[in-house]
Amino acid sequence: MTGLHLEMQRVHSIRLSRRSIAQYRKDMTRDKNTMTIGDAKMKTIHAGNAARSLAEQAGYSGTVEYIYTADHPEVLRWTSHFEGLAAREGVFEAFEAACPRSWRRATVVSALWHRFSSFMPWFLCQAAAMVSTNEKRHYVIQTAFEELGMRDAREIHCDMFWNAAAQAGVSEKDRAEVLADVPAATALASLRGALLSYGTDEEVLGILLGLEIPARENIETVFRSLAHDDGTAVALDAHRFFIFHRQIEIEHVRLTVANFVRYCRTEEQRRRFQRGFSNGLGFWSRFWNTASDLVGVPARAS
Ligand SMILES: [Fe+2]
Ligand SMILES: [Fe+2]
């Protein structure tokens, strides 16, 4: 990079930070629910950044946020509201009760999660294309970028996940056999259909939160599934895929709840968001029910 380029980049970043501060101040005066302006608020921003430092050490950084940080009262309030709605479904308790640790559970969840994870970049890019402003698109595309490995193609998440599954002993043949038994009307097909049917930004943002809200339960259920014995559990605990996801999912939830707080202010907007949210949540019910049904189907004799 030439000296001129570096200078242009420096001027550009100064402009950006001036604009961000001006916007931040504007938002602060507009939003009656935000806390005090000044030192206390800056401490809040720094606290939010510090909470992300472990993920940053692993090469991930949270989306820059000036208002709706993880400890913003509105973010906390709505996260707990939406988490409550998700918990009411009892999806994970039902799956754990029906499917104790087993090799079959490891192969089924490996196959289904890999397929889901391979599908998500398309879904997130499509969602980003559907929202109507670049600012909303900015917030939506962050997760797609992460799923695609950011600037390193060797870190595409579905591939990283398959590496973990392979470490647990699951083969391509196991995966093909599980997928051959998946019913034709899949949960993924209805998820795709729901997104494409939407006509408003709020529905799109809502389905993204519905998909993210049980992120921690999802990742732990996937972990317990692949960890079909104690030795595998120890090995997977140190696997890059699980280290990353145990850190970054918290930020995904914050980001998608912030989309609600930031963009859904009227009753009508909130109703539309809720419709998308229910579709997203409904997907998890179907996904884990399918997994449970497949675990109940005996594996084919090889
Ligand atoms: Fe991921
Ligand atoms: Fe996520």
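Predicted model: local features only at pLDDT ≥ 70, side-chain atom pairs only at ≥ 80, totals over all residues.
Let's start with one residue: Glu 217 is buried, with 20 other C-beta atoms within 10 Å. The chain it describes has 15 helices and zero strands, and 35% of its 302 residues are buried.

- You will find Glu 217 in helix 12, which covers residues 215–226.
- Along the chain, Glu 217 and Ala 87 are 130 residues apart, yet their C-alpha atoms are separated by 9.8 Å.
- That pair sits in a chain where, of the contacts with a separation of 6 or more, 82% are between residues 24 or more positions apart.

**The largest nonpolar core**

- The largest nonpolar core has 63 residues, and the members that touch the most others are Ala 127, Leu 226 and Ala 291.
- Helix 6, running over residues 103–130, gives the most to this core, contributing 11 residues.
- What does Ala 127 contact, once neighbours within four places in sequence are left aside? The partners are Val 140, Leu 195, Val 204 and Leu 208.

**Where helix 4 meets helix 14**

- Helix 4 (residues 73–88) packs with helix 14 (residues 240–263) at an angle of about 105°, and their axes are 9 Å apart.
- Angles of 65 to 115 degrees count as roughly perpendicular, and helix 4 and helix 14 are therefore roughly perpendicular to each other.
- From helix 4, the contact is made by Glu 74, Val 75, Trp 78, Thr 79 and Phe 82.
- From helix 14, Val 253, Arg 254, Val 257, Ala 258, Phe 260 and Val 261 take part.
- By type, the residues of this contact of helix 4 with helix 14 divide into eight nonpolar, one polar and two charged.

**Phe 273 in helix 15**

- Phe 273 is found in helix 15.
- Is Phe 273 buried or exposed? Phe 273 is buried, because 26 other C-beta atoms lie within 10 Å.
- Leaving aside neighbours within four places in sequence, Phe 273 is in contact with Glu 202, Leu 205, Gly 206, Phe 260 and Cys 264.
- Phe 260 in that list also takes part in the contact of helix 14 with helix 4.
- Phe 273 and Tyr 263 are 10 residues apart in sequence, with a C-alpha to C-alpha distance of 9.7 Å.

**A backbone detail at Met 150**

- Met 150 lies in the loop between helix 7 (134–147) and helix 8 (157–167).
- The phi of Met 150 is near 55°, a positive value in a residue other than glycine.
- For context, most residues other than glycine have a negative phi.
- Met 150 counts as partly exposed, because it has 14 C-beta neighbours inside 10 Å.

Terms used:
Residues numbered from 1 in each chain as written. Chains lettered and ligands numbered in written order. Core = buried A, V, L, I, M, F, W, Y, C linked by C-beta atoms within 7 Å. Buried ≥ 20, exposed ≤ 12 C-beta atoms within 10 Å, placed from the backbone. Helix = DSSP H or I, 4+ residues; strand = E, 2+ residues; numbered from the N terminus. Contact = placed C-beta atoms within 7 Å. Axes fitted to C-alpha atoms, helices over the stretch in contact; angles between N-to-C directions. Parallel < 35°, antiparallel > 145°, perpendicular 65-115°, else oblique. Nonpolar A, V, L, I, M, F, W, Y, C, P; charged D, E, K, R; others polar.
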